[in-house]
Amino acid sequence: MRHSKRRHILGVSSSHRSAMLGNLSVALITHGRIKTTLAKAKALRPFIEKVITLAKKADQANDAARKLHFRRLAIARVRDKKAVADLFDNKVSEFSERAGGYTRIYKLGQRVGDAAEMGLIELIDANDEGYPKRPKKKAAKSTTKAKAKAEAEEVVEETPEAEVVEESSETSESEVEAKKD
């Protein structure tokens, strides 16, 4: 059975994968955005977001020992002290107000050499609001149906059947007179 096997394997051994994700995360922290294959970008997203969460926890911690603990956990994953120091000291303030979703992936199309799907992964700016929230579709449908039904009832109440019948008889008499002429 395949319980707990939902990971991005990327066709390499586990040590190679952890080293590759560490190197990609160092590049992402230092440059802000990197161009890589879409599979690597999708594998990097949860990895780097967990490291950023460690930086946020260290920023919010009151105890110096806890701050050091979170920093060491991040260094164990990323394996570059300079990049971790940059993230923990400078860039963590950008993410302090965000509840998650620190990265964004753009699809770039296929690479010329081997037709691999390429993607651009970037860290989101602090002032980025993201996509606007859409209204729920079920609520919108029920309100529009109710409004349409209410308008239809108002139209029916305004025009009684007697007036409609008289108008139709007048038009038929005028059509008959037009035909005679």
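The model is predicted, so everything below is read from computed coordinates.

Starting with the overall layout, the protein is built from six helices and three strands. Going along the sequence, these come in the order α-β-α-α-α-β-β-α-α. Of the contacts in the protein with a separation of 6 or more, 56% link residues 24 or more positions apart. As for what is tucked away, 27% of the 181 residues are buried. The protein exposes about 13,600 Å², and 52% of that area is supplied by carbon and sulfur atoms.

R17 is buried, and yet no salt bridge goes with it. The nearest side chain of opposite charge belongs to E49, and that is 18 Å away. With neighbours within four places in sequence set aside, the contacts of R17 are H8, I9, L10 and V12.

Then there are the aromatics. The pairing rule takes rings whose centres lie within 6.5 Å, and by this rule the count comes to one aromatic pair. The partners are F95 and Y102, with ring centres 5.3 Å apart and planes at 70 degrees, so the pair is edge-to-face; the cut-off for that label is an angle over 60 degrees. Both partners are out of the way of the surface probe to the extent that F95 is buried and Y102 is buried too.

How values were computed. Residues numbered from 1 in each chain as written. Predicted model: local features only at pLDDT ≥ 70, side-chain atom pairs only at ≥ 80, totals over all residues. Heavy atoms only, no water. Phe/Tyr/Trp six-rings, centres within 6.5 Å; stacked < 30°, edge-to-face > 60°. Buried < 20%, exposed > 50% of the residue type's maximum accessible area, 1.4 Å probe, protein only. Helix = DSSP H or I, 4+ residues; strand = E, 2+ residues; numbered from the N terminus. Contact = heavy atoms within 4.5 Å. Areas by Shrake-Rupley, 256 points an atom, 1.4 Å probe, with all protein chains shown as cover. Lys, Arg positive; Asp, Glu negative; His and termini not counted. Salt bridge = Lys/Arg side-chain N within 4 Å of Asp/Glu carboxyl O.
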